[in-house]
Amino acid sequence: MSAPLPLISLRSVSRTYRTDGVAVTAVRNVSFDIAQGEIVAVMGPSGSGKSTLMNMIGLLDLPSEGAVHLEGANVAELSEDRRSSLRARSIGFVFQSYNLLARHNAIENVALPLVYCGVGRKARLARAEASLEAVGMLHRAHHFPRQLSGGEQQRVAIARALIASPLIVLADEPTGALDSRTGAEILALFAALNRTGQTIVMITHDPGIATQCRRTIRLHDGELVSDETTAGLLPKRSAVS
Amino acid sequence: MTMFQGFQIALHALRLNPLRSFLTMLGIVIGVASIVTVFAIGSGAQLRLQEQIRSIGANVLMITPGAVYQGGVRLKDGSKLTMTESDVQAILEQIPEIQAAAGSIAGTAQIIHESKNWNTTINGTTTGHFMVRDWQLATGRYFSGTEEASAGKVVILGSTVARELFAPGDDPIGAQIRIMKVPLEVVGVLDRKGPAQDDVAFVPLSTAKLRFLGSASNINRDSVAYIIAKVAADGQMAGARSEIESLLRQRHRVPAGQEDDFKVQDPAAAMEAQQGAIRTVALLLVAIASVSLLVGGISIMNVMIVSVTERTREIGIRRALGGRMRDIRLQFLCEALVLCLLGGAIGVAGGITLSMTVARMAGWITSIDGEAIGLALVFSIATGLIFGFYPAHKASRLSPIEALKTE
């Protein structure tokens, strides 16, 4: 398998926060590439800079030093509006706490990113249906988040992350709030998505999850301590329960 | 995100909290309703005055009795009829600017026609009265010289009286009516001039004195209650006025330094001044009503700020999913605008209802014009934009990372 073009590349990235006059470096001199179709686990204990790294890959934050490139473009050189548009089209976020809008039903939540892509209501809902079907949640399309279990909410959130056919899905502790069985189902869903060519970056502190990804990047105190590609593959069972 | 989507999101958000949304817009509702009502009542009052000014006729001077001294006692204006028919004659003959003039006496009486009767003002005057007031006939004729000279038993009806005494389709001309048991022949019906003016019946001055009003008031053969005179051109009003004053002083032998026993008034000018006063009062009331709009705007800003704080996480989610700063700003601005527009619309409806109620209960004329409604709506949109901007701007400036961290 020839090396794919890097989708995302980080070059000597550091991120320093200044709070109450004290500079705290959350990420220090980190460099790596992520290629199209990879599934990568970013591991580390809490406070190791995982979330800061995810915010930078997700274009929510900019490095203090170094550069983040998305498809070859330095994101720091893009306008705030352009980065927002790229988030809508190219990045799919999955959060630990699902982050669905409580007052909108599943299908409206899934369709939300398309509002910011200028897609009309009919087309939005049609694509949201397709996306919900892909995660096996079409039967719950008109339920509100409070009527769904944690696993179901996370599936809806994944459908939302996928709706704009993003370059990359960024998942921050996607199974952190779920019991182990449901967590395993969500992981299986990610694995199935990856087999269709979807690039996925998963942030976790759970070594069990990391072992299921081909590649694991380990952080400690903001620094990259290891970047290994293992032979271990995600289990090949059906994603859709 | 388009404006339309912004409004969709705003409506969705506002529907979730109907009571809060309604209370928030209450200030706007009250403000807009007051503005519309004040405008309606104010322009109604102006319309009524304009109608009165029109009914008096252009360039008309009115001469009424003034205060008189009787044995050292000063009696109030009008307690003695100081004007006479020969004063009318003198004004007509000696003052070239005067085109027409007429003396009148008036009282009220019951008019009877067959089985119908009606209580109205009986005005004894000469044909000159209609010339002064530019009052045309709808049908029939004015008084003839003989009738005026010899107390002819004829009457000219105002349109209201004609309507009350005669069935639609009946021709009043030639009909016999009775006033105080005196049979009179209807010779004319006047054009409409306005509801306050049309309720009147005119008889020749001599007829009124001889047959009805002579004994009722202390009217002697020559006296009249008031005189109206028409000045030929607008620019001659002041000159004609002072000429009448000096002529009457001379005729009434008012010594120098003593108060006139008559008054010359320009009713149209007085009413125009009154109209100006009404306009000022209306503007003042609108200004007060605008304070309510201001308070409404502040209440909207307050609720929007709370709403932004409550929905910080939603803002973070929307930003992470690709919402640009301006999309967030538009979303919250749309909410403020929808609140104000809805409040404005309810306020306009409330204002129309209120002014119609006032019109019915107080018997005032109210007039609701599109201009006032447009102005009220423009005010409420402006309120939405001004007071919605800060919270919306605040929302758009939230850092998505921080916003996502809030619970």
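Me: In chain B, what share of contacts between residues at least 6 apart in sequence join residues at least 24 apart?
Reply: This is a predicted model, in which local features need pLDDT of at least 70, side-chain atom pairs count only at pLDDT 80 or more, and totals for chains, interfaces and linings use all residues. Residues are numbered from 1 along each chain as its sequence is written, while chains are lettered from A and ligands numbered from 1 in the order in which they are written. Two residues are in contact if their C-beta atoms, placed from the backbone, lie within 7 Å. Among chain B contacts between residues at least 6 apart, the share joining residues at least 24 apart is 82%.

Me: What box do the C-alpha atoms of chain B fill?
Reply: The box is taken along the principal axes. For chain B it is roughly 100 × 55 × 35 Å.

Me: How many Å separate the centres of the domains of chain B?
Reply: Domain bounds come from an automatic or database domain assignment. Domain 1 of chain B covers 3-52 + 272-405, and domain 2 covers 81-260. Taken over C-alpha atoms, their centres are separated by 54 Å.

Me: What radius of gyration does chain A have?
Reply: Chain A has seven helices and ten strands. Its C-alpha atoms fill a box of roughly 45 × 40 × 40 Å along the principal axes. With 241 residues, a compact globule would come near 18 Å, which agrees with the value for chain A, 18 Å.

Me: What percentage of chain A is buried?
Reply: A residue is buried if 20 or more other C-beta atoms lie within 10 Å of its own, exposed if 12 or fewer, and partly exposed in between; C-beta atoms are placed from the backbone. In chain B, 42% of the 407 residues count as buried. Among the 241 residues of chain A, the buried part is 46%.

Me: Which helix gives the most to the side of chain A that touches chain B?
Reply: Here 18 residues of chain A are in contact with 14 residues of chain B. Helix H2 (80-90) and helix H3 (106-115) of chain A each supply at least two residues of that side. With six residues, the one that gives the most is H2(A).

Me: At what angle do the axes of H9(B) and H11(B) cross?
Reply: Axes are lines fitted to C-alpha atoms, for helices over the stretch in contact, and angles run from 0 to 180 degrees between N-to-C directions. The axes of helix H9 (residues 267-310) and helix H11 (residues 325-362) of chain B come within 11 Å. Residues that meet include B:Ile300 and B:Met304 in H9(B), and B:Phe332 and B:Leu339 in H11(B). The axes cross at roughly 145 degrees.

Me: What is the handedness of the crossing of H1(B) and H11(B)?
Reply: A crossing is left-handed if the near helix is turned anticlockwise from the far one by less than a right angle, and right-handed if clockwise. The axes of H1 (residues 3-15) of chain B and H11(B) come within 8 Å and cross at roughly 65 degrees. H1(B) residues that meet H11(B) include B:Phe7 and B:Leu11. The crossing is right-handed.

Me: Where is B:Glu114 found?
Reply: B:Glu114 is not a glycine, yet its phi is positive, about 45 degrees. It has 13 other C-beta atoms within 10 Å, so it is partly exposed. B:Glu114 is found in the chain B loop between strand S5 (98-113) and strand S6 (116-125).

Me: Is B:Arg253 buried or exposed?
Reply: B:Arg253 is in the loop between helix H8 (237-252) and strand S14 (262-265) of chain B. Its phi is positive too, near 55 degrees. It has 8 C-beta neighbours inside 10 Å, so B:Arg253 counts as exposed.

Me: How many Å apart in space are B:Val254 and B:Gly323?
Reply: B:Val254 is in the loop between H8 and S14 of chain B. Not counting residues up to four places away in sequence, it touches B:Arg249, B:Asp260 and B:Asp261. B:Gly323 is 69 residues from B:Val254 in sequence, and C-alpha to C-alpha the two are apart by 89 Å.

Key
Helices (H or I, at least four residues) and strands (E, at least two) are DSSP runs, numbered from the N terminus. The radius of gyration is taken over C-alpha atoms; the globule rule is 2.2 Å times the number of residues to the power 0.38.
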